[in-house]
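Trainee: Hi! I'm new to this one, could you walk me through it?
Mentor: Happy to, let's bring it up.

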Amino acid sequence: MTNKTIIFVFLLISTFISSLVIAKGRLTITGSSTVAPLVMEIAKRFEKKHPDTRIDVQTGGSSRGIYDTRLKLADIGMVSRGLKPIEKDLSSFLIAVDGIGMIVHKSNPVNELSDDQIIDIYQGKIDSWSNLGGNKQSITVVNKAEGRSTLELFLTHFSLKNSQIKAQVVIGDNQQGIKTVSGNAGAIGYVSIGAAEFEVNFGTPIKLLPMKGKAATVGNVSKGLYALSRPLNLVTYGAPDTLSKQFIEFAQTPGVHDLIEAQFFVAP
């Protein structure tokens with residue numbers, strides 16, 4: 001065996017050992033309730049490939065993901081929006097794309113609303129479905145809590161301030177919104193299109209309303225045809241450490257595209 005061959009074998013073995021060490025440890029990931037189910041599935045697959053790694057995924061909203069990451073309470077934050085100019089201290093990594101859709105109860109005969117009608121509903125100017133061609137029934141406005149990126153995107157799209165919204169119910173994550181609307185024939189809310197499509201497929205009595213003539217579907221989000229969409233990101237404080245970097249790179253590979261599609265998101 002030549003010296004060059006010995007050196008090559010040594011480097012190969014060293015690289016293999018290094019990869020084992022890199023994938024050993026613990027990660028804490030917190031933040032967006034929209035991103036969390038996807039990250040949990042990615043984490044399970046990562047742990048199977050790297051049995052010595054443990055990943056703890058916690059929800060609490062995008063604001064928590066940013067807060068925890070900055071204070072080093074979490075290694076990685078989950079944020080279901082783009083970063084703001086004041087968040088330049090964070091590094092952002094795109095893992096999927098999602099849309100936000102308006103949902104009503106499946107039994108509601110109203111099948112489409114204009115932007116102006118949605119604005120009037122959320123400001124309390126329209127308070128009965130009968131004014132929109134629906135049943136003679138009061139509208140229950142469901143809004144997102146402060147700190148939720150879904151709320152920020154909704155307010156920006158409709159040029160509203162949260163103080164202008166007259167909500168009867170304030171919810172946190174997507175599942176709370178879906179549960180509220182599915183249990184109230186007069187309710188209207190907005191949630192992740194991916195989460196809503198998933199529930200519709202399992203028979204949950206809700207329906208997604210089109211926006212600007214485009215159906216609220218993952219397909220339209222993927223084609224760039226749907227107006228209300230957002231990036232789903234992982235963030236770190238500054239550059240990611242070795243294990244965080246390895247997990248983020250894994251989350252961006254084609255090897256998890258099936259998990260992204262299973263959550264009704266769009267692979268970037």
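Trainee: What percentage of the residues of the chain count as buried?
Mentor: Keep in mind that this is a predicted model. Of the 268 residues in the chain, 46% count as buried.

Trainee: And how many helices and strands does the chain have?
Mentor: There are 10 helices and nine strands. Along its principal axes, the C-alpha trace spans about 85 × 35 × 30 Å.

Trainee: What about the accessible surface, how much of that belongs to carbon and sulfur atoms?
Mentor: Carbon and sulfur atoms account for 55% of an accessible surface of about 13000 Å².

Trainee: Okay, going inside. Which residues have the most contacts within the largest nonpolar core?
Mentor: Those are Met-102, Leu-113, Ile-121, Tyr-122, Phe-154 and Ile-188, in a core of 32 residues. The elements giving two or more residues to this core are β4 (90-105), α4 (115-122), α5 (149-157), β7 (187-192) and α8 (218-222).

Trainee: Which of them gives the largest share of this core?
Mentor: That's α4, with four residues. Apart from this core there is another one, of 27 residues, and Ala-43, Ile-76, Phe-250 and Ile-260 are among them.

Trainee: Can we zoom in on Ile-121? What does Ile-121 touch?
Mentor: Leaving aside residues up to four places away in sequence, Ile-121 touches Leu-113, Ile-126, Leu-132, Ile-139, Val-141 and Ile-188.

Trainee: How do the residues of the pocket lining divide into nonpolar, polar and charged?
Mentor: Five are nonpolar, eight are polar and one is charged.

Trainee: Then there's the largest cavity. What volume does the largest cavity have?
Mentor: Its volume is about 50 Å³. The residues lining the cavity include Ser-32, Ser-33, Thr-34, Lys-144 and Arg-148.

Trainee: How does the cavity lining divide up?
Mentor: Nine of its residues are polar and two are charged, with no nonpolar ones.

Terms used: Residues are numbered from 1 along each chain as its sequence is written. This is a predicted model: local features need pLDDT of at least 70, side-chain atom pairs count only at pLDDT 80 or more; totals for chains, interfaces and linings use all residues. Side-chain values use heavy atoms; hydrogens and water are left out. Ala, Val, Leu, Ile, Met, Phe, Trp, Tyr, Cys and Pro count as nonpolar, Asp, Glu, Lys and Arg as charged, and the others, Gly among them, as polar. Buried means under 20% relative accessible area, exposed over 50%, partly exposed in between (1.4 Å probe, protein chains only). Accessible areas come from the Shrake-Rupley method with a 1.4 Å probe; for residues, only the protein chains shown count as cover. On a 1 Å grid over the protein atoms alone, a cavity is a set of points where a 1.4 Å probe fits but cannot get out, and a pocket is an open set with protein on both sides within 12 Å along at least five of seven lines; lining residues have an atom within 4 Å of a point. Grid points are joined across faces, edges and corners, and a volume is the space filled by probe spheres set on the points. A nonpolar core is a set of buried Ala, Val, Leu, Ile, Met, Phe, Trp, Tyr and Cys residues joined through side-chain atoms within 4.5 Å. Contact means heavy atoms within 4.5 Å.
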